[in-house]
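Please read this report beside the sequence and the model.

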Amino acid sequence: MLNSELQTLQTYVADCAARNLIQWWFESLGTPARQSLNRALFDGQTRGLKPLSSPAVRRAVWQCALRHESLHALIARSAGTISASQPLQQGDRIRLRNSLPILDAAGRIIRVHRGGETWRVVGREGQRSIWLEQPDGCRQEWGDDREILSQFEKIAG
């Protein structure tokens, strides 16, 4: 991997949302990276979660990623530098990874799509715009594949 790509990923880990750190922890179950992430994210004495916004925690997570390819790949997929699959095409089915709150103009939650819901790709407009059909039949446009792949996983077949 090029130095510029490593720097991009390191910056991503330093600036990403705390939920990403937790997501990587969950997704590392069964991999050698899990134990390293336990040491990076949890206080050994209190067994509590360390402050996830702490630069020291972010550096520790990055060091884990440098040692464990499985964690490195999770981070790269989240950052959008690699894709777990081919670009989404019309007819593809995708599953929502986590709950997705829908906000009104005032910032109030008006609806929540639950993790595990299956949506369908109904079309593309150009390279970076994708139309999805929600489980209720409503359609929604997403602006970029990277964001979609951080929220959804492609369903095989």
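Buried means under 20% relative accessible area, exposed means over 50%, and partly exposed lies in between, with a 1.4 Å probe and protein chains only. By that cut-off, 36% of the 157 residues of the protein chain are buried. This is a predicted model: local features need pLDDT of at least 70, side-chain atom pairs count only at pLDDT 80 or more, and totals for chains, interfaces and linings use all residues. Residues are numbered from 1 along each chain as its sequence is written, and side-chain values use heavy atoms, with hydrogens and water left out.

**Overall layout**

The protein chain has six helices and seven strands. Helices (H or I, at least four residues) and strands (E, at least two) are DSSP runs, numbered from the N terminus. Along the sequence the pattern is α-α-α-α-α-β-β-β-β-β-β-α-β. The C-alpha atoms fill a box of roughly 50 × 40 × 30 Å, taken along the principal axes. The protein chain exposes about 9400 Å², and carbon and sulfur atoms supply 51% of that area. Accessible areas come from the Shrake-Rupley method with a 1.4 Å probe; for residues, only the protein chains shown count as cover.

In soluble globular proteins, nonpolar side chains tend to be buried together. A nonpolar core is a set of buried Ala, Val, Leu, Ile, Met, Phe, Trp, Tyr and Cys residues joined through side-chain atoms within 4.5 Å. The largest one here has 21 residues. Leu21, Trp24, Leu37, Leu41, Val61, Leu71 and Ile75 have the most contacts inside it.

| Helix | Residues |
|---|---|
| α1 | 3–15 |
| α2 | 18–27 |
| α3 | 33–41 |
| α4 | 55–67 |
| α5 | 69–79 |

A second, separate core has eleven residues, including Leu88, Trp119, Val121 and Ile148.

What does Ile75 touch, not counting residues up to four places away in sequence? Its partners are Leu9, Tyr12, Val13, Trp24 and Ala65. Contact means heavy atoms within 4.5 Å.

**The five-stranded sheet**

An open sheet of five strands has the order β6-β5-β4-β1-β7, with antiparallel pairing. Two strands pair if DSSP finds at least two bridges between them. The edge strands are β6 and β7 (152–154), and each pairs on one side only.

Strand β5 (residues 129–133) is largely enclosed by the rest of the structure, because four of its five residues are buried. Five bridges join β5 to β4 (residues 118–125). Four bridges join β5 to β6 (residues 139–142). Ile130 in β5 stands opposite Arg124. Ile130 also stands opposite Trp142 in β6. Leu132 has Gln140 in β6 as its bridge partner. The hairpin of β5 and β6 has five residues between the strands, and Gly137 takes a positive phi near 95° there.

**His113**

His113 is found in strand β3 (residues 109–113). Is His113 buried or exposed? His113 counts as buried, because its relative accessibility is 1%. A polar contact of 2.9 Å joins the side chains of His113 and Glu117. A polar contact is a pair of N or O atoms within 3.5 Å; within protein, one must be able to donate a hydrogen and the other to accept it, and residues adjacent in sequence count only if both atoms are side-chain atoms. Leaving out residues up to four places away in sequence, His113 touches Leu96, Asn98, Ser99, Leu100, Ile102, Trp119 and Gln134.
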